[in-house]
Amino acid sequence: MSIKPIKPINLNRSQAVIREKRLKSIVGYQGSIKDLAEKSRTGCLKNAGRGFSQATNCNSGCAQGHLSSIVDAAIVNHGPVGCAGDVAGANSVYQWGQHIRGVDNKRNVRIVNTNMSENAVVFGGDKILQDAVRRAFERFNPKAIFVTTSCASGIIGDDIERTLKDAEAEIGIPVVPVFCDGFRSQIWASGFDAAFHALLTRIIKPAEQKRPELVNVINFYASGRKIVTEIFGRLGLVPQFGIPFSTIEQLEKWSEAAATISICGTLGGYLGNGLEQKFGVPYVTALQPHGIAGFDDWLTRLGETVGKQQEVAAYLAEQKELAAPELAEIKRKLQGKRVVVGMGPSFAHNYIRLLEDFGMEVVWGFSWHYDSKHDHGGCPSCTLDLAEKERDIPVSVSDQQNHEIINLLKKVQPDLYVGRHPGQSVWATKLGIPTIMISDEYSAFGYQGTLEFGERIIDALTNNSLAKNLAERIKLPYTNWWYEQDPFTFLNSEKSEVDEHVSVG
Ligand code: SF4
């Protein structure tokens with residue numbers, strides 16, 4: 001049985017369809033990369049539930065965090081004040097984004113919360129929502145207001161669309177609902193889709209002119225603007241980064257570009273495919289540009305899409321020759337080092353490839369969710385690519401369930417842990433395992449980035465005093481009973497003991 005052709009993104013609805021339904025995404029699995037790819041290909045992959053779940057994130061964080069980084073927009077979060085708890089995180093990332101752009105007068109993110117109380121839950125929250133939109137308009141003078149929903153507003157059935165239409169008529173700017181109630185989806189990346197759905201349906205306009213040199217680059221905070229601009233410049237292309245630090249006017253014109261490409265398959269699929277579907281801007285589906293194989297594929301497919309094959313081939317050949325000696329030395333030093341990876345699905349499966357290409361042995365790969373297919377209709381290319389390699393890599397899917405991760409790390413004792421989220425990576429360090437946290441999406445980008453990342457790993461393995469000292473002084477909250485269990489004891493699926501998959505170090 002082969003997988004059914006995917007339905008296109010439905011932009012006639014006011015809400016994005018969640019990933020569980022659209023992409024058959026899951027948050028529970030244990031097995032191997034070949035099995036995961038085969039089950040995805042054949043449409044047989046099922047989510048494994050958990051008898052115990054430690055913590056997870058709300059998809060409103062992704063929606064709100066991303067939209068609040070549009071420089072002239074404001075956000076109204078319609079929910080109890082606790083739902084705005086992740087604003088602090090969004091703000092610190094926004095501050096960092098301003099810092100790397102050299103902004104002198106830094107400001108905070110522009111988010112207000114309606115502070116839904118029992119009264120609003122019983123009698124309706126329409127009035128406080130209207131007031132909050134007015135306040136946000138007066139306080140921030142934005143070009144658009146995005147209203148993010150919450151479990152409470154969803155459960156009581158506030159007529160948000162009606163309220164926002166009235167508000168829009170009153171203040172004269174787009175006031176756009178973003179449906180990201182926490183209970184809608186177990187997958188926080190559904191929040192990215194909710195944010196992009198709002199842009200595709202209400203902000204981005206049909207192109208008045210086409211710009212054949214322009215390429216939309218979907219990314220998080222665009223720390224790699226300089227290097228991407230340089231590389232694209234060699235090809236006669238101009239990148240347009242977004243959506244963080246874009247203006248509403250810039251976003252309106254994303255339909256003018258010759259192509260869209262993304263730094264992350266998990267992040268960019270909805271917006272990229274939506275732009276292709278609605279405005280005819282081709283979306284480049286490729287491996288992520290981390291590591292040599294990933295970057296070669298990313299740039300080659302972009303070249304094919306915009307007719308720059310020769311320029312890309314010449315650039316890659318030059319870079320390959322320049323990088324060869326240092327790359328060989330890095331591989332010599334990293335050969336056989338055992339590593340565990342824990343990241344979102346696209347980053348995880350792309351970094352596994354990169355680390356294996358360095359000659360390291362990935363003894364386990366965690367991804368925080370997994371999409372059986374992407375919005376272009378196919379299985380994730382990074383997963384299929386790994387599945388074709390000779391060695392089958394043990395993997396699991398776990399929405400940052402630290403009890404599983406810590407138990408497994410304790411059993412397999414890798415030389416290195418590579419993560420992408422601070423609240424999770426720190427646990428590996430506390431276990432005494434050298435850890436690299438990749439907060440910057442342009443780490444390991446292209447040839448130079450790959451070499452720098454290789455050196456960073458060598459440094460982490462050479463000097464492990466931070467992890468050692470932490471481990472000596474910190475008592476972890478788990479008992480010996482838990483460490484004696486299989487890490488996936490609470491995962492209700494067909495599973496084999498971890499020791500069957502990996503050699504215990
Ligand atoms: S929307 Fe729901 S899940 Fe998200 S923070 Fe609020 S109460 Fe929690």
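1. Strand β6 (residues 211-218) runs parallel to β8, and 5 bridges join the two; strands (E, at least two residues) and helices (H or I, at least four residues) are DSSP runs numbered from the N terminus, and two strands pair if DSSP finds at least two bridges between them. The model is predicted, so to speak of local features a pLDDT of at least 70 is needed, side-chain atom pairs count only at pLDDT 80 or more, and totals for chains, interfaces and linings use all residues. Residues are numbered from 1 along each chain as its sequence is written, and side-chain values use heavy atoms, with hydrogens and water left out.

2. The sheet to which this pair belongs is open and has 3 strands, in the order β7-β6-β8 with parallel pairing. At its edges stand β7 (238-242) and β8, each of which pairs on one side only. From one strand to the next the twist averages 25 degrees; such angles run from 0 to 180 degrees between N-to-C directions, with axes fitted as lines to C-alpha atoms, for helices over the stretch in contact.

3. The chain is divided into domain 1 (59-185), domain 2 (211-310) and domain 3 (323-501), with bounds that come from an automatic or database domain assignment. Between domain 1 and domain 2 the C-alpha centres lie 28 Å apart, and the contact takes 18 residues from domain 1 and 14 residues from domain 2.

4. How many cavities of 30 Å³ or more does a search of the whole structure find? The search finds 2, a cavity being a set of points on a 1 Å grid over the protein atoms alone where a 1.4 Å probe fits but cannot get out, whereas a pocket is an open set with protein on both sides within 12 Å along at least five of seven lines, and lining residues have an atom within 4 Å of a point. Grid points are joined across faces, edges and corners, and a volume is the space filled by probe spheres set on the points.

5. The largest cavity has a volume of about 190 Å³. Its lining consists of 20 residues, and Gly265, Tyr283, Thr285, Ala286 and His374 are the closest to its centre. At least two lining residues come from each of β8 (257-262), α12 (265-279), α15 (345-357) and α16 (381-387), while α12 gives the largest share, 3 residues. At least three residues are drawn from each of domain 2 and domain 3.

6. By class, the lining of the largest cavity has 9 nonpolar, 11 polar and no charged residues; Ala, Val, Leu, Ile, Met, Phe, Trp, Tyr, Cys and Pro count as nonpolar, Asp, Glu, Lys and Arg as charged, and the others, Gly among them, as polar.

7. The second largest cavity, with a volume of about 40 Å³, has among its lining residues Thr266, His349, Asp371 and His374. The elements that give two or more residues to this lining are α15 and α16, and α15 gives the most, with 3 residues. The lining of the second largest cavity has 4 nonpolar, 5 polar and 1 charged residues.

8. The largest pocket holds about 1300 Å³ of space and is lined by 43 residues, of which Asn57, Cys62, Val93, Trp188 and His421 lie nearest its centre. Helices α3 (59-67), α4 (87-100), α15 and α18 (422-430) each supply at least two lining residues, and α4 gives the most, with 6 residues. By class, the lining of the largest pocket has 20 nonpolar, 19 polar and 4 charged residues.

Note on methods
Contact = heavy atoms within 4.5 Å.
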